[in-house]
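Good morning, and thank you for making time for this item.

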Amino acid sequence: MTANAVDNLRIREERLIDHERIYRIHESVFAGHREARLGDRLRRGNLAQISLVAERVTDPETGRHLSEGEGGLLGHVMVSRVELSGYPDRVLMALAPLAVLPQYQRHGIGKRLVISAVKRCRLLGAGAVVAAGHADFYTHLGFHPACHYGLYCHHDDVPGSFVAFELLPDYLEGLGGEVQFPDTFSELGI
């Protein structure tokens with residue numbers, strides 16, 4: 001994939017026809033099926049607020065323009081509402097699961113997915129977004145370690161891997177506490 005191949009992408013809402021391909025993306029990135037099943041369960045439980053895919057716009061071999069659903073899916077991100085213990089009025093969203101096919105990683109696809117998801121979180125009225133994952137990736141996008149805001153969660157196995165991004169200035173200032181993910185996460189051991 002060339003450096004500007006990320007320009008050959010469209011970010012769009014997932015569709016029913018995408019579900020099996022989305023499952024396979026997560027399956028190829030994560031050991032086991034937990035993250036792949038997470039997306040399915042969040043979707044079935046109507047817990048997913050946002051679900052976006054990264055899809056090719058043109059065929060890399062022929063240059064032919066591809067219509068929506070025709071291009072290969074290269075990545076996926078899902079966003080769900082999470083609760084901040086003691087502050088039920090605060091609207092926080094969590095990015096999970098997020099995956100880009102291994103052969104297309106480090107080309108800006110994950111970045112485009114996260115930026116698009118964060119923009120949509122703003123439109124839904126969220127004040128902050130959290131994620132558990134590679135802190136280096138997220139800090140380049142403006143996220144900070146969640147502990148900076150006094151936030152923690154039971155998914156924070158690796159110090160610094162739980163990150164947060166304020167969509168509204170000082171939205172998390174002085175709050176702190178546990179970010180509680182939907183039960184679906186713990187049911188799958190995530």
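The model is a predicted one.

By that definition, helix α3 covers residues 109-123. From its first C-alpha to its last, α3 reaches 22 Å, close to the 21 Å expected for its 15 residues. Several of its residues are buried, including I109, L113, V114, V118 and C121. Just after α3 comes G125, with a positive phi of about 90 degrees.

The protein contains five helices and nine strands, and along the sequence they follow the pattern β-α-α-β-β-β-α-β-α-β-β-β-β-α. How does the radius of gyration compare with that of a compact globule? For 190 residues a compact globule would have a value near 16 Å, and the protein has 16 Å, which agrees. Its C-alpha atoms fill a box of roughly 55 × 30 × 30 Å along the principal axes. Of the 190 residues, 47% count as buried. Among contacts between residues at least 6 apart in sequence, 71% join residues at least 24 apart.

One residue illustrates such contacts well. Y171 sits in the loop between β8 and β9. Is Y171 buried or exposed? Its relative accessibility is 12%, and the cut-off for buried is under 20%, so Y171 counts as buried. Beyond its sequence neighbours, Y171 touches D89, R90, V91, L92, G127, A128 and E166. Of these, G127 lies 44 residues away along the chain, yet the C-alpha atoms of the pair are separated by 6.0 Å.

I turn next to backbone geometry. Most residues other than glycine have a negative phi, and most peptide bonds are trans. Where does this model depart from that pattern? A cis peptide bond joins A96 and P97, with omega at about -5 degrees, and P97 belongs to strand β4, residues 92-100.

Two residues other than glycine have a positive phi. N46 has a phi near 55 degrees and lies in the loop between α2 and β2. R106 has a phi of about 70 degrees and is found in the loop between β4 and α3. N46 is exposed, with a relative accessible area of 67%, and R106 also counts as exposed, at 85% relative accessibility.

Definitions and conventions
Residues are numbered from 1 along each chain as its sequence is written. This is a predicted model: local features need pLDDT of at least 70, side-chain atom pairs count only at pLDDT 80 or more; totals for chains, interfaces and linings use all residues. Side-chain values use heavy atoms; hydrogens and water are left out. Helices (H or I, at least four residues) and strands (E, at least two) are DSSP runs, numbered from the N terminus. The radius of gyration is taken over C-alpha atoms; the globule rule is 2.2 Å times the number of residues to the power 0.38. Buried means under 20% relative accessible area, exposed over 50%, partly exposed in between (1.4 Å probe, protein chains only). Contact means heavy atoms within 4.5 Å. The expected span of a helix is 1.5 Å times one less than its number of residues. Lists of a residue's contacts leave out its neighbours within four places in sequence.
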